[in-house]
Amino acid sequence: MGTIKTTNIEPIADNGTVTLGGSGDTFTVPSGVTVNMSNATQTGVGGVNTPAFEANLSAEQSASDDVFTKMDFDEEVFDTDGAYDHTTNQRFTVPSGKAGKYHIYSNVVLGTSQNTDLVDAKLLIYKNGSVYSRTIMNNETNYTRYTQLSVASTMVLSVGDYVEIYAQVNRASGNVEFRAQNREATFGAYKIIE
């Protein structure tokens, strides 16, 4: 085997293709070598974080006191694979061929219609109809009107698994509110590159 030393490799024809090796070959970049691709168009390198989606509440959602209620994230911001159902079930379902690790997140503002009436609140990620992860706020005796909760988890999901967001508010009086102004309630997910 020999060593080729050069400063430039170009195809014979303009905009042609240069192929390095064949099927089964391995190219090794030694430690300490920098590969500068900052000005190159890169394809097939690294992968993409899809499927991915994010959705919001389009209007405030009401709920009963101290009842776990599915959040109605009915306004899609984006949905790369059409895997989020924003019209019927408000759930993300892993599409065919897309099993893997996913980062799931939700941020919401929960509260009541009256000042100093919010006792406690919960925000939960459900996987296939069961609680997977949750976050809790408990004010004990110092009630407030609103609280912002966030919940996130990295989950291993199989094809057909579905994920939903539920919330629960316990109030002293007034009406329960799931806020929607200025994207106060969001739900999203993206596949992690492995």
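**Notebook: backbone exceptions and one buried glutamate**

I looked up Arg183 and found this residue partly exposed, with a relative accessible area of 43%. The model I consulted is a predicted one. I located Arg183 in the loop between strand E12 (176–178) and strand E13 (186–191). I then read its backbone: phi of Arg183 is near 60°, a positive value in a residue other than glycine. I recorded this because most residues other than glycine have a negative phi.

I placed Asn128 in the loop between strand E8 (118–127) and strand E9 (130–138). Asn128 is partly exposed, since its relative accessible area of 34% lies between the limits of 20% and 50%.

I turned next to the peptide bonds. Thr50 and Pro51 are joined by a cis peptide bond, with omega at about 5°. I noted the bond because most peptide bonds are trans. Pro51 belongs to the segment before E1.

I followed the chain into strand E1 (residues 52–56), where I found Glu54. Is Glu54 buried or exposed? I classed Glu54 as buried because its relative accessible area is 11%, and buried means under 20%.

I listed the contacts of Glu54, leaving out residues up to four places away in sequence. Glu54 touches Glu75, Glu76, Val77, Phe78 and Tyr105, as well as Arg183, Thr186, Phe187 and Gly188. This list returned me to Arg183, the loop residue of my opening entry.

Definitions and conventions
Residues are numbered from 1 along each chain as its sequence is written. This is a predicted model: local features need pLDDT of at least 70, side-chain atom pairs count only at pLDDT 80 or more; totals for chains, interfaces and linings use all residues. Side-chain values use heavy atoms; hydrogens and water are left out. Helices (H or I, at least four residues) and strands (E, at least two) are DSSP runs, numbered from the N terminus. Buried means under 20% relative accessible area, exposed over 50%, partly exposed in between (1.4 Å probe, protein chains only). Contact means heavy atoms within 4.5 Å.
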